[in-house]
Amino acid sequence: MGHHVTARVSPLVRVDDQTMLLVVELTRAADDAAVTDVRDTGSSSSSAQENEIGLTYYLGDFPSRAGASFTHLIDPDGMRVLRPFSASGKLLEVGPGETAASDLAFSSTGLDQLDHVTVYVPQTGFTVVGVIDRADANSAGIDPQTLEDLDQALAERRASATPSPSADDTSEQGIAAGPVPIERYTRTLNGSASTHTTNKDVTVTLASDVTFDPDSYNLSDKADAQLQTVADQIAQYPDGGSLDIVGHTDDVADNAHNQKLSEDRAAAVKDRLAQLADLASWQVSTTGKGESEPAVDDTTDEARAANRRVVTTITPTGGAASSTAPSATPSSAPSAAPSSSAPDGTALPEPQGQVGAGPDGVTAVYPSIGSFDSSEQVTITLPQVVRASGLLFGRLSVTVGPRGADDNSVLSAWFDDDEFLLSNARGEDGSLVATMGAVNGLTLLAGGERVFPADYLDGDRQVHLPLSECKLFKSLKEGAVTTVCAVWPDTGEETVTLDHQAYKDDPWHAFRLTDIPVVSA
């Protein structure tokens with residue numbers, strides 16, 4: 001967040017049969033700018049007066065966990081991600097020229113066979129490190145005292161842990177569970193359908209206002225384009241499996257009417273899908289839930305529209321992990337000028353803000369409104385994204401330009417999701433980390449879809465967190481430079497287009513980066 005800090009990352013050490021250790025060492029540049037020169041701190045900030053920065057505010061899951069606890073281990077080949085169950089370092093407070101370290105302990109469950117792993121340090125970047133045995137830790141530069149301290153902490157943790165009834169849950173030894181699947185979430189460009197892919201199944205949610213005529217189970221003239229999304233997913237799994245179709249309504253009209261309507265709509269989707277896709281190898285079921293399971297528990301027009309939906313869940317016989325990187329035909333090399341179409345030839349929606357080529361960058365401007373000077377601008381570049389297995393890794397550089405009189409705006413406004421400002425991109429609520437400062441609106445446009453950053457189900461909050469920054473909530477001053485990291489599911493293209501939509505009531509935080517080269521890891 002505007003400061004110059006060097007991160008040194010150790011190899012991942014097998015401490016014992018349950019635990020792995022990673023050390024992140026953070027050194028602030030001796031000539032780094034003063035805190036008050038970088039961001040608006042408020043007059044009561046003692047750390048700012050002493051020119052110290054607490055790195056945990058940017059790198060950690062503060063306040064629930066200290067240190068660099070938002071550091072992730074990513075296994076692209078296995079499409080898995082893991083966060084530490086403990087982190088040392090507290091607030092990691094450093095002045096110019098000072099160094100602080102955070103010792104991160106991870107569960108080794110499911111990681112026994114790995115010989116390397118990708119480490120993601122927030123606002124810094126990605127690096128691949130080897131996995132070594134404890135006997136080799138000293139030669140890798142890890143202080144033996146670090147391992148002894150971890151041994152003691154683990155012994156205390158296990159001694160105080162409450163036994164768990166689940167034999168598969170390592171928390172009974174006081175160790176967090178193992179890695180979780182990396183998931184894929186997309187929306188069609190017109191917003192009429194969303195697709196959620198895990199390693200087990202694919203769920204496509206269809207907006208009934210597009211699929212059907214009002215208060216009817218008659219398919220609309222737009223239904224086929226929408227249902228083709230489901231048919232395309234089914235076609236990826238020739239061995240078949242189970243297909244569950246569930247209809248939902250809003251709370252208008254009585255329960256009996258809504259129940260019948262939801263059942264009829266599910267049946268209508270089944271009948272049409274049978275014409276669009278080969279369902280011979282699939283076990284198909286239809287269910288109606290009426291108004292009993294709303295997606296949004298509210299009675300506003302927007303909430304009721306979200307509740308009118310048909311949810312199709314595709315569970316292939318062999319699992320759905322292979323579809324996290326959909327097939328696509330790589331096209332041409334990057335063009336010299338920003339493109340108005342996707343690399344696969346699909347026409348892109350009209351941009352809502354400034355447009356520039358990724359390597360050159362774009363300067364996005366938020367204008368002054370009315371008599372109060374609230375203007376601000378940022379310059380954003382993305383020279384390339386790196387392909388590793390089924391993922392694309394991006395590292396954006398962000399430079400804050402001239403600012404108006406409003407020092408309360410936060411950097412995340414340029415990167416969060418437009419549709420769900422107070423939740424994550426899926427509309428899930430329940431965590432400040434998932435709702436404030438998260439980079440969940442940097443989408444790739446590919447194949448008629450808006451591809452959101454890869455995410456995972458966070459066990460602590462039971463909501464999905466993006467594999468991207470979650471701590472962009474500070475207000476930076478002119479000239480400050482920071483790094484924004486994000487990971488997307490692979491779109492299969494040789495160049496990608498990144499798009500950030502504007503808010504419904506705020507059309508100025510939009511921008512687009514085109515012709516971003518994809519290079520191999």
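Analyst: Let's start with a definition: a charged patch is made of residues with over 30% relative accessible area and no salt bridge, with like charges joined within 9 Å. In this predicted model, D297, D298, D301 and E302 gather in such a patch, and its charge is negative. One of them, D298, sits in the loop between β17 (282-288) and α8 (301-307). D298 has 40% relative accessibility, so it counts as partly exposed.

Now for charges that pair up. The structure holds 18 salt bridges. In one of them, the side chains of D133 and R14 meet at 3.1 Å, N to O. This pair links distant parts of the chain, as D133 is in strand β11 (residues 125-133) and R14 is in strand β2 (residues 12-14), 119 residues apart. D133 is partly exposed at 41% relative accessibility, and R14 is partly exposed at 24%.

Another salt bridge joins the side chains of R134 and D151 (2.6 Å, N to O). Because R134 lies in the loop between β11 and α4 (144-160) while D151 is in helix α4, this pair ties together parts 17 residues apart in sequence. R134 is partly exposed, with a relative accessible area of 30%, and D151 is partly exposed at 28%.

K260 is partly exposed at 46%, whereas D264 is buried at 18%. Finally, salt bridges that share partners join D61, R83 and D458 into one network.

Methods: Residues numbered from 1 in each chain as written. Predicted model: local features only at pLDDT ≥ 70, side-chain atom pairs only at ≥ 80, totals over all residues. Heavy atoms only, no water. Patch = residues over 30% accessible without salt bridge, like charges linked within 9 Å, V, L, I, M, F, W, Y side chains within 5 Å. Areas by Shrake-Rupley, 256 points an atom, 1.4 Å probe, with all protein chains shown as cover. Salt bridge = Lys/Arg side-chain N within 4 Å of Asp/Glu carboxyl O. Lys, Arg positive; Asp, Glu negative; His and termini not counted. Charge placed at Lys NZ, Arg CZ, Asp CG, Glu CD. Helix = DSSP H or I, 4+ residues; strand = E, 2+ residues; numbered from the N terminus. Buried < 20%, exposed > 50% of the residue type's maximum accessible area, 1.4 Å probe, protein only.
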